[in-house]
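Trainee: I would like to learn how to read a structure like this one. Where do we start?

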Amino acid sequence: MSSVPAWLADRIVARLGPRPDRPGRTTPLHWSFLLGHLPVIALVILAVTGLVLTLFYRPSAAPVLYDGAHELFRGRELPHAYASVLHLSHDVPGGIFLRRLHAVAAHLFIAAGVAHLLRVIVTGAFRHPRQVNYLLGLAILLAGVAAGWTGENLTYSLVAGNSLRVGYAILSSVPVVGEQLATLAFGGPFPAGETLLRLWGAHVVVLPGVVVLGTWLHLRLTRRLSHTQMAHPGIDDRCSIVGEPFWPGPAARLALLSLLTFGMLVIASILVPWSDLALEGPYRDGYGTVALYPPWYLFWPEGAMILLPAVALELGPVTLTNVFIGGVVVPGVVIAGAVAYPAWDGRRRERPEERHVCQDPRAVPIRVGTLIGATVFLAVLTIAAGSDAIAHALALPVDTVIWALRAAALLAPFAAGAVTAALVGRPPRQLRPAWSTEGGSDDDSRASDGKGPLP
Amino acid sequence: MSDRHGRDTADDRWGEHPPMQVLRRFPARRPLRWTSLALVAIVALVGIAATVWAVATDRSTTVQGASLLVAVAAIANAVWQLAAGFDRIEVVEPRATHLSAARTAAHRMGRRPMLRRLMAAGAGVVGLGVLAGLARFGPRAERPGQTWRGGVRLTTETGQALRPDDIPAGGFATAWPEQSDRLEVAAVMLVRLTAEPTPPTELEWVVDDRLLAYSKVCSHAGCPVGLFRETDNALHCPCHHAEFDAARGATPLTGPASRPLPQLPLGVDGDGFLIATDDFPAPVVPVRKTERRR
């Protein structure tokens, strides 16, 4: 049996085992609910690695002499920011590992955030009383994207500097207040000495503050309203929360997920040379390279600017350019669509009845079709950012690829959305009691006990 | 029948605050084995120590990561063993579905369209005020001084003055004003075309019939237009694939740029070096239509 003394075993069981007196919140179970935990894990890793990174980074573009271990740059004058990152990567033990962990955790934060958003939209978890929580989640995601963009460009490599240049041009393209906005954000015409300091302040203080505060409010609100749950046959889910007591089951599950995710990120950091700067070189004014890209989650505004034809709409003293429409209007419409979607989805719901049950995607085919259509549109824009790589791979002129993608961007979303809605909306062949038969956007007054006939 | 701690395990009710109904039970998958837990804990400690050693002695990233992975895997295994060693239950808890006072107030306010419209209008007015304030009092970008003047030599990045013979047919170079701060807006693409340029190119600003210079700052979003295709004399910007016809005044051929690249008036001085004979005729950076640099 066991060679451990009984008192020790009892102590461990009492502390780690089930606690009927303090069970914690009843937590509904489903694998898709774990998607929302991944950004939290990524955030913790980002905060810890980021704290160490701030000890080494210098937010200045002034030239300094690099005298470190990297042969390519030893004895050369480099921007201070780039030199500090190079120093951390090659002269500090564990530096490159730390940087790779930070970069890959940032990618996970956004990818998992998007996956969680898709789950929330498909299952209808944005409905009353979770409207504010949905908006909080969107705000966290947007702040995360901004933090990722500023973070990648703090390194001031050749790619990073040009990405900053495009960002300055996008801000400048806003009519009437563009120049003021760009000067406020960048501290002067690009490239200005103030720019890196302002971006660093945004990346280290402002944006993490927004993300952390938003996440805390988001989790607190989830706890107070209770997490949404799948339908259960024979139980009125509107009146009951069904799940496991938080301690020890879900707590252990979340701890295990955190450790496994961290392990995956460590493996990714070993195998993939994320953010290997030496190959790019420092930013020099007026120089670029063939592969100029923003981070992957900002490929779609870049693709919008590539696919939109040359535009110069002159409305009085104001000129609307392709940069404004592709870099401001298109992202603005996409974000506004995400913010306004719950209102459109609930347009025919009269009473704000509280809804806590996840909807079966098959009960909401229009919503799934719209979501797939929007995703395909963003996917085509993302692919368009790599038009030159596609043209090179297929040995076609870049112009041909761009025209093909323009056609795809206009036709594919509607085709994909319609096909998906048609496929998803077919009535299921048999009654599945594990799923809610709650109807779509317009008819939710029925009890969701799963025993009624199909709609 | 009660377990060692006096809890009645056959009871249908569980917990007191609030009382919960047990729905399903999942018995522990395996008993807690203290020896295997202790072993895993030792492996975890070894892994952490190995990671600290690998970082301190500057081993490769693979070694650092692998030792950290060992520690993480061991801790994960310990957590799994502990979680699998206890019974689990699924419970049903009554939900508080009444709207709280705050939510009721918000709900009531939301149902009053007039109040909502007034608030929206107020927010709109505040927003417009902020925009107007920004437009009127917001910080302006300082214009960089005149970077090119008549008589300024074209140099490479290292300061070496350029002669017309330095650029072969179909070749190009990036040039800067001599003794300048290498401002981005002053960068120039010096190209020798493979065909005669035609209007709207300013033919007086061309040297040797085919050697001319355009601003390197793309008129779309300002990326450096650093690619030149000699077969059709096209300047290509890598950011958003804007193309300009260098033989026809750098007018946009395809892509998202809508304005041509400004041409630098080129000449040769008495010693045979390339010089600019004047500044750019049009602003280089994307500015509002109502603003001109001169």
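Mentor: Start with B:Ser215, which is buried at a relative accessible area of 1%. Buried means under 20%, exposed over 50%, partly exposed in between (1.4 Å probe, protein chains only). This is a predicted model: local features need pLDDT of at least 70, side-chain atom pairs count only at pLDDT 80 or more, and totals for chains, interfaces and linings use all residues. Residues are numbered from 1 along each chain as written, chains are lettered from A and ligands numbered from 1 in the order written, and side-chain values use heavy atoms, without hydrogens and water.

Trainee: Which residues does B:Ser215 touch, beyond those up to four places away in sequence?

Mentor: Contact means heavy atoms within 4.5 Å. B:Ser215 touches B:Ala187, B:Val188, B:Leu261, B:Pro262, B:Phe280 and B:Val284. A polar atom of its side chain also lies 3.2 Å from the backbone nitrogen of B:Val217.

Trainee: How do I size up an interface?

Mentor: Interface size is often given as the accessible area lost when the parts come together. Here the sum over both sides, with a 1.4 Å probe, is about 7,300 Å² between chain B and chain A. Carbon and sulfur atoms give 64% of that. The contact takes 80 residues from chain B and 92 from chain A.

Trainee: How many salt bridges are there between chain B and chain A?

Mentor: A salt bridge puts a side-chain nitrogen of Lys or Arg within 4 Å of a carboxyl oxygen of Asp or Glu. The count between these chains is 2. A:Glu244 and B:Arg88 form a salt bridge, at 2.9 Å from N to O.

Technical notes. Polar contact = N/O pair within 3.5 Å; in protein donor to acceptor, adjacent residues only side chain to side chain. Buried area = accessible area lost by both parts, 1.4 Å probe.
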